[in-house]
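Good morning, colleagues. Please look at the sequence and the structure now on the screen.

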Amino acid sequence: MIILLGAPGVGKSSVLAGIKEKRPEYSIVNYGDLMLETFKQEYNISDRDQMRKSSIEQQKNVQKQVAIKLSAMSGKVILDTHCSVQTPKGYLPGLPFELLKNLNVERLILLSADIDEIYNRRKKDPTRTRETNKEEIQEHDQMNKAYLAAYSAFAAAPAIIVMNHDNRLADAVEKVNALLD
Amino acid sequence: MIILLGAPGVGKSSVLAGIKEKRPEYSIVNYGDLMLETFKQEYNISDRDQMRKSSIEQQKNVQKQVAIKLSAMSGKVILDTHCSVQTPKGYLPGLPFELLKNLNVERLILLSADIDEIYNRRKKDPTRTRETNKEEIQEHDQMNKAYLAAYSAFAAAPAIIVMNHDNRLADAVEKVNALLD
Amino acid sequence: MIILLGAPGVGKSSVLAGIKEKRPEYSIVNYGDLMLETFKQEYNISDRDQMRKSSIEQQKNVQKQVAIKLSAMSGKVILDTHCSVQTPKGYLPGLPFELLKNLNVERLILLSADIDEIYNRRKKDPTRTRETNKEEIQEHDQMNKAYLAAYSAFAAAPAIIVMNHDNRLADAVEKVNALLD
């Protein structure tokens, strides 16, 4: 399994759309969607707000079910998730070791961009309600690299950072493509 | 358990004094004090110098006893410790995984400040004997963020960095306060 | 066991040559050489290209054999290896936790230098075929610090960064020397 990580504004959806076209043999699985689907099956919880408010036990159980589903997937899989999620209460690790230990990771790819590029993309995004500033983006970027190294050391998997610069989406798609078997 | 981390000069004592006033229901436990108390009970060792020179086996045993004491504490606890301790022989991790695995961590809070602010505060501190420079503070700050991410990924706990800027202690106290339940 | 880590251009060989002279009681073991030797014994594989192309199972078995050999070494050992290896497919962790758990680590030393110094040394190195640039060196340096913190937290071992600046090799050797028992 290939894991693609990235913060809001790095252009993960666009890169994944490009990969989908070039490499139809890969299944692209969104971790958040799979969590939500599993919450519905297990606890009849069907929106993200309820999901966040559920008990730690429920969340751990769902996370375990999701890991089982992911391990059971045959064929080539790209897992689309976050390196860390920035919340008002702190960074949530996207791949805590207790999740990672259940996954068979071939490669970790962190999609990123320059701080200014991320800042401008977030400002233009009409769906974003939260304000942001460059110091915050810089800190999140630094923390993401630190999380990436920890995941890589734990999973004994190679980790790479691919830059998705403005007006150079095709380059980023090609770089990710070259990392797939 | 909430864990509050921070290097010399970030103002951890002042922030904790503010929290103590606002949130008397929290017990604030200093990790170093608890280690020393336990060293005394177990090996009749009663000063920090002797503690540092004790055998690895003694240190590991005391660390384990401390973890047991911490886990047994009822009610709301803030553990006051270091993200990493800078010594002439290297950075010592404040929360090595073998300690962290025994703790029930709700949140990791790293208190920090700008490099210049930390530098000036350390220079004014009459109890500090060691010289410092900005490159060193910068490196320690970068390492602390990397340790923080590793702890967070291991413990599956959110990690946040709270800045304690000059003349804005009340803001830092309020930010930490907002992270307590 | 002391582990000495460093990227190409930081001058690890020169520092180790200096240590060899000053501290003949230490055995200096190169991890890559030991891997190759063990690949030959186990699978009759005798060059690095074949080694890289071998199966994951073979690589894991060899890594395990190498860890056993390292643990069995008596006396004082410096393990010479990489913090992370930069390859076209990503950073490979030099001390994945599954290797590190089998080693008895006393101290982690990351040898480094300023970005410009590393850049200039790599440019002058006639054996290097790959182009490099300062952004890449900067990113690798940042990732190495993050890996270092993760290794340190996992192994509960102190981590230190020693700078090997231009024309100050003797200083770097002396700093590493001071970290040996």
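Let me begin with the symmetry. Chain B is superposed on chain A by a rotation of 120 degrees, with 0.0 Å of shift along the axis and an RMSD of 0.0 Å; the superposition is by least squares on the C-alpha atoms of residues with pLDDT of at least 70 in both copies. The two copies are thus related as by a three-fold rotation axis. Within chain B, the residue that comes closest to this axis is B:Ala146, with its C-alpha at 2.8 Å.

A word on conventions. This is a predicted model, in which local features need pLDDT of at least 70 and side-chain atom pairs count only at pLDDT 80 or more, while totals for chains, interfaces and linings use all residues. Residues are numbered from 1 along each chain as its sequence is written, and chains are lettered from A and ligands numbered from 1 in the order in which they are written.

I turn to the interfaces. Two residues are in contact if their C-beta atoms, placed from the backbone, lie within 7 Å. Between chains B and C, the contact takes 17 residues from chain B and 14 residues from chain C. On the chain B side, two or more residues each come from strand E5 (90–93), helix H5 (97–100) and helix H7 (134–155); helices are DSSP runs of at least four residues (H or I) and strands of at least two (E), numbered from the N terminus. H7(B) gives the largest share of that side, seven residues.

Towards chain A, the contact takes 14 residues from chain B and 17 residues from chain A. Here H7 and strand E7 (159–163) of chain B each supply at least two residues, and H7(B) again has the largest share, seven residues.

Which surfaces do the copies use to meet? Only 14% of the interface residues of chain B are also interface residues in chain A, so the copies meet through different surfaces.

Strand E5(B) also has a partner within its own chain. Strand E4 (residues 84–87) of chain B and E5(B) pair in the antiparallel sense over four bridges, where pairing requires at least two DSSP bridges. A hairpin through two residues joins E4(B) to E5(B), and B:Gln86 stands opposite B:Tyr91 in E5(B).

Finally, one residue of chain C. Leaving aside neighbours within four places in sequence, C:Ile109 is in contact with residues including C:Ile2, C:Leu4, C:Val162 and C:Leu179.
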